[in-house]
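Here is a short note to read beside the structure. Keep the model open and find each residue as it comes up.

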Amino acid sequence: SDYFFRGIDQESSATANGGVDYDFGNGVAVGVWGADVTDGIEYDLYGSYSGEASGVSYSIGFTTYNYTGEFDETYQEINLGAGYGPISLEYTMGTWDGDMDLTTAAKDDEYSFIGVTLEQGGAYLTYGTFGQDAEGSYVELGYGLEAGGMDLGIALINSDEDLSNQVDDNGDPTSEVSMVLSLGKSFDL
């Protein structure tokens with residue numbers, strides 16, 4: 001029902017999104033994902049290597065987020081992941097070709113992101129926080145299931161004042177709680 005990414009409402013009129021992934025079967029996978037955003041198309045290209053050893057899953061990958069219009073600037077990330085049982089950890093190092101601090105003319109701002117997820121039986125709880133030249137954190141509680149061949153999901157997202165697009169009566173940034181509903185279809189060729 002809305003396009004949120006890492007606790008940030010993208011404020012787009014995204015009406016559709018989709019992607020294609022190819023798994024080479026040896027831990028290597030590549031993919032492309034796209035979404036209709038307010039001004040043009042967002043298209044993401046990614047690749048990763050993943051595996052498991054002694055019950056611990058691990059992954060390393062690269063993602064680039066690109067835009068055909070003026071919606072945003074290009075992001076490039078190195079993504080690291082690890083998991084054990086119901087707990088997973090994500091660490092991302094990235095650069096953004098925009099200006100995060102409007103008081104400077106900085107380009108290629110660097111940022112980091114850490115996310116921890118606990119998942120059990122379709123329910124999940126994620127805490128994510130940004131670092132380096134970016135600030136903000138969020139908590140997401142969600143549940144997903146498959147029904148009638150469709151993927152259904154619901155999530156509550158609490159974004160702090162650094163990630164929220166909301167302001168109080170005085171015009172000061174404030175935290176925001178959002179509910180997002182999702183409907184999807186996955187299939188193998």
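**Notes on the core and the sheet**

1. Start with the largest nonpolar core, which has 16 residues. Those with the most contacts inside it are Y67, Y75, Y111, F130, Y138 and I157. A nonpolar core here is a set of buried Ala, Val, Leu, Ile, Met, Phe, Trp, Tyr and Cys residues joined through side-chain atoms within 4.5 Å. Buried means under 20% relative accessible area, exposed over 50%, and partly exposed in between (1.4 Å probe, protein chains only). In soluble globular proteins, nonpolar side chains tend to be buried together.

2. A word on the source. This is a predicted model: local features need pLDDT of at least 70, side-chain atom pairs count only at pLDDT 80 or more, and totals for chains, interfaces and linings use all residues. Residues are numbered from 1 along each chain as its sequence is written, and side-chain values use heavy atoms, with hydrogens and water left out.

3. Look next at Y67. Which residues does Y67 touch, not counting residues up to four places away in sequence? They are I41, E42, Y43, D72, E73 and Y75. Contact means heavy atoms within 4.5 Å.

4. Is S112 buried or exposed? S112 is buried, with a relative accessible area of 11%. This serine lies in strand β9 (residues 109–120). Leaving out residues up to four places away in sequence, S112 touches Y91, T92, T129, F130, G131 and Q132.

5. Now the sheet. It is open, has 11 strands and pairs them antiparallel, in the order β3-β4-β5-β6-β7-β8-β9-β10-β11-β12-β13. The edge strands, β3 (17–23) and β13 (176–184), each pair on one side only. From one strand to the next, the twist averages 15°. Strands (E, at least two residues) are DSSP runs, numbered from the N terminus. Two strands pair if DSSP finds at least two bridges between them. Axes are lines fitted to C-alpha atoms, and angles run from 0 to 180 degrees between N-to-C directions.

6. Antiparallel strands β3 and β4 (residues 28–37) are joined by 7 bridges. There, G19 has W33 in β4 as its bridge partner.

7. β11 (residues 137–147) and β12 (residues 150–159) pair antiparallel over 10 bridges. V139 stands opposite N158 in β12. Their hairpin has 2 residues between the strands, and G148 takes a positive phi near 60°. β12 then joins β13, also antiparallel, through 9 bridges. G153 has S182 in β13 as its bridge partner.

Definitions and conventions
Helices (H or I, at least four residues) and strands (E, at least two) are DSSP runs, numbered from the N terminus.
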